[in-house]
Amino acid sequence: MLYDIIKKVRLTAPRIHCITNYVTANDCANILLACGASPIMADCPEESAEITAHCGGLVINLGTLSPQRLEAMLISGKKANELGLPVVFDPVGAGASEFRTNAAKKLLNEVRIDIIRGNLSEIRSLAGASSREHGVDTADMLTDDKLQRAVRLAKELSAKTGSVTVITGENDIATDASAVYRIKNGHPIMSRITGCGCMLSAITGAFAAAAPESRLLAAVSAAAALDICGELAAARLTSADGNASCRNYMIDAVYRLTDETLTEKANIEKL
Amino acid sequence: MLYDIIKKVRLTAPRIHCITNYVTANDCANILLACGASPIMADCPEESAEITAHCGGLVINLGTLSPQRLEAMLISGKKANELGLPVVFDPVGAGASEFRTNAAKKLLNEVRIDIIRGNLSEIRSLAGASSREHGVDTADMLTDDKLQRAVRLAKELSAKTGSVTVITGENDIATDASAVYRIKNGHPIMSRITGCGCMLSAITGAFAAAAPESRLLAAVSAAAALDICGELAAARLTSADGNASCRNYMIDAVYRLTDETLTEKANIEKL
Amino acid sequence: MLYDIIKKVRLTAPRIHCITNYVTANDCANILLACGASPIMADCPEESAEITAHCGGLVINLGTLSPQRLEAMLISGKKANELGLPVVFDPVGAGASEFRTNAAKKLLNEVRIDIIRGNLSEIRSLAGASSREHGVDTADMLTDDKLQRAVRLAKELSAKTGSVTVITGENDIATDASAVYRIKNGHPIMSRITGCGCMLSAITGAFAAAAPESRLLAAVSAAAALDICGELAAARLTSADGNASCRNYMIDAVYRLTDETLTEKANIEKL
């Protein structure tokens with residue numbers, strides 16, 4: 001199940017509505033096409049509900065947020081809920097400004113989110129002051145103690161919101177409050193490619209649309225897929241290549257990705 | 001004539017004002033530079049007329065539309081008309097929302113458009129309910145019957161608007177209501193690269209600016225040029241490359257494109 | 001000093017707030033990551049001061065300007081001034097419309113700018129009607145006479161504003177009104193890559209943040225770094241590669257750039 005969702009994405013070609021930032025919108029569109037989905041970027045309140053209604057999933061991303069884009073997210077989020085479409089939420093920069101933190105909270109309050117995907121500090125800002133894990137303050141989740149605290153934080157947020165929570169970093173964690181997966185794939189250069197998080201959120205939308213029966217497995221599978229493609233891209237780098245070529249190679253690898261490669265390369269642990 | 005417009009673009013280096021979406025703006029700018037033109041992206045009503053007045057052509061593209069961008073399109077479109085500059089219109093997503101369909105109609109009513117470039121469903125939504133070809137509802141134009149219906153649809157729209165109409169798909173069709181060209185170049189992977197349509201519309205603006213004596217030939221030539229560059233790009237792909245590298249190779253191919261290559265590779269039929 | 005700022009950028013990893021255009025935002029983010037800095041793109045007046053306050057430098061860029069983005073620039077510029085953070089200003093298109101020229105003047109009046117980076121026509125429009133060098137009207141600075149006039153123009157603007165002025169073209173000039181540097185590196189294909197100027201302004205912000213003791217040397221070093229990476233990228237081009245691959249290779253080269261390479265390749269003259 002975990003490894004064949006990519007096949008379902010290619011078979012069903014879900015149309016994914018992205019309300020996202022302009023920094024990485026092009027990469028998100030190309031990586032959705034690479035995995036077999038069909039992207040529609042539209043962020044205008046005047047049309048966002050109608051666009052969502054034509055789609056199989058919705059991805060909302062707080063990068064380069066504006067009041068107009070936030071309004072479109074709320075409208076489309078509610079429409080997706082009404083239609084039973086999966087909603088993925090990427091709280092880019094939550095915690096970096098009151099405007100974004102409040103926007104994230106408003107979205108969590110007014111829209112039923114299926115999957116939240118962020119880094120540790122973003123997830124911590126969503127879990128809020130009430131979190132017992134307030135001291136989690138580094139992106140490094142590789143020591144056992146830090147990993148355990150990140151897991152507790154993710155579980156807290158999932159318990160509070162009913163969403164699957166994915167924390168990405170050197171390792172990724174995904175949980176629905178009960179089951180917890182740790183994805184050990186990936187490569188350090190991914191932190192030097194802008195929009196890896198955005199791209200993961202985008203394809204998570206496609207995976208969730210193709211496998212509505214399990215949001216958690218869809219999220220785990222998408223994270224493993226991107227991480228493995230990051231590894232494959234890093235392995236292609238010549239001594240002259242850097243992060244720009246690696247970005248292209250990573251999207252290329254998604255284009256070529258099969259469930260066989262996913263099965264062979266995935267390094268996933270159920271905690 | 002058909003094959004040497006690229007040479008004229010390189011000689012005259014027309015400045016092209018693009019009011020376009022943020023998803024593919026970077027690719028549109030780079031492909032305009034690749035063909036020898038000079039892009040200016042500006043979408044703010046406060047300055048759009050003035051920017052247009054410094055340019056040799058205008059390209060308006062409905063992707064990620066907003067009311068402000070629409071206002072800029074109307075202002076710049078009228079300025080371009082006043083100055084006799086070619087106007088290319090890319091009705092991205094027309095038909096996907098009332099807001100976009102109405103915006104497209106408003107633009108067609110208030111601006112004299114030289115060339116409309118869209119896919120079949122976008123063109124159908126512009127031709128409107130009055131079209132006798134209401135049943136044309138697939139992107140596939142490869143069977144004779146479907147091709148003939150697409151041709152009739154394009155001719156209808158051209159007759160109604162006075163514009164050249166270009167429908168792109170597996171094959172491309174271009175018509176000015178009387179003459180019809182079918183461009184058989186291209187490669188399936190182009191449908192997996194975001195913004196191929198936007199890029200074609202962008203360079204069509206440059207071709208039209210460089211060859212004002214024939215809007216139809218400019219449109220045919222630009223479509224053949226991009227399709228051939230798509231073929232050249234696909235031919236460069238290694239077994240690890242995918243749509244991201246292909247996008248780069250396609251723009252690269254435009255950068256290297258000569259009228260000799262165009263002449264040699266073009267597979268164009270006058271219907 | 002000149003050549004080891006890149007090392008300091010990698011060591012200190014400054015966070016750079018960019019209020020920039022959507023055409024080249026992705027490239028700016030990736031090139032900041034390539035040189036070891038950390039980009040934050042945010043352009044909304046509701047949060048821009050707060051975002052700036054988390055950063056080590058601010059880069060404001062007039063491309064695809066809107067009234068909202070201008071407001072964010074003014075707010076963030078004042079916040080950066082208050083906190084003593086370096087501010088880099090890229091007056092994209094100044095002179096192309098009244099809206100942009102006025103925006104540029106407003107920014108120069110209300111924000112203390114550390115470094116202005118533009119091409120000759122943009123810098124001339126900032127120097128204004130009062131400039132004795134009104135006749136400087138070509139991007140070509142390679143004849144001695146034209147170079148001297150560009151130098152006088154840059155010095156005038158620096159004297160008037162207190163900023164370091166960088167004019168980029170076939171050669172680059174940087175001055176703080178007294179010392180003048182000429183950077184002879186670079187490659188003609190850079191003029192065919194959209195956003196080379198924007199990317200330079202972005203990394204100039206990172207260099208200035210890492211070397212606050214000398215804004216002029218930071219600006220010279222950043223210009224040399226990008227120019228040398230343009231040369232390295234051009235040297236990698238195959239006969240099929242063009243401007244799209246070159247863009248990637250250039251960012252890749254920044255990712256790989258060492259102070260040794262900078263020292264070896266730099267062709268800088270103190271005038």
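**View 1. The sheet of chain C is open and has 9 strands.** In this predicted model, the strands follow the order β2-β1-β3-β4-β5-β6-β7-β8-β9, with mixed pairing. Two strands count as paired if DSSP finds at least two bridges between them; strands (E, at least two residues) and helices (H or I, at least four) are DSSP runs, numbered from the N terminus. At the edges stand β2 (38–41) and β9 (268–270) of chain C, each with a single partner strand, so one side of each has no neighbour in the sheet. From one strand to the next, the twist averages 20 degrees.

**View 2. Here β5 of chain C meets β6 of chain C.** These strands, residues 115–118 and residues 164–167, pair in the parallel sense over 4 bridges. To find your way, look for C:Arg117, whose bridge partner in β6(C) is C:Val166.

**View 3. Helix α2 of chain C lies across β1 and β2 of chain C.** The helix covers residues 25–34 and runs at about 155 degrees to β2(C). Axes are lines fitted to C-alpha atoms, for helices over the stretch in contact, and angles run from 0 to 180 degrees between N-to-C directions.

**View 4. Chain B touches chain C.** In this view, 23 residues of chain B are in contact with 25 residues of chain C, where contact requires C-beta atoms, placed from the backbone, within 7 Å. On the chain B side, α2 (25–34), β2 (38–41), α3 (48–53) and α10 (243–256) each give two or more residues. The largest share, 6 residues, comes from α2(B). By class, this side has 12 nonpolar, 4 polar and 7 charged residues. Nonpolar means Ala, Val, Leu, Ile, Met, Phe, Trp, Tyr, Cys and Pro, charged means Asp, Glu, Lys and Arg, and the others, Gly among them, are polar.

**View 5. Chain A touches chain B.** The contact takes 23 residues from chain A and 25 residues from chain B. On the chain A side, α2(A) gives the most, with 6 residues.

**View 6. Chain A has 11 helices and 9 strands.** Its C-alpha trace spans about 45 × 40 × 35 Å along the principal axes. Of its 271 residues, 66% count as buried, that is, with 20 or more other C-beta atoms within 10 Å of their own.

**Reading the labels.** Residues are numbered from 1 along each chain as its sequence is written, and chains are lettered from A and ligands numbered from 1 in the order in which they are written. In this predicted model, local features need pLDDT of at least 70 and side-chain atom pairs count only at pLDDT 80 or more, while totals for chains, interfaces and linings use all residues.

Terms used
Two residues are in contact if their C-beta atoms, placed from the backbone, lie within 7 Å. A residue is buried if 20 or more other C-beta atoms lie within 10 Å of its own, exposed if 12 or fewer, and partly exposed in between; C-beta atoms are placed from the backbone.
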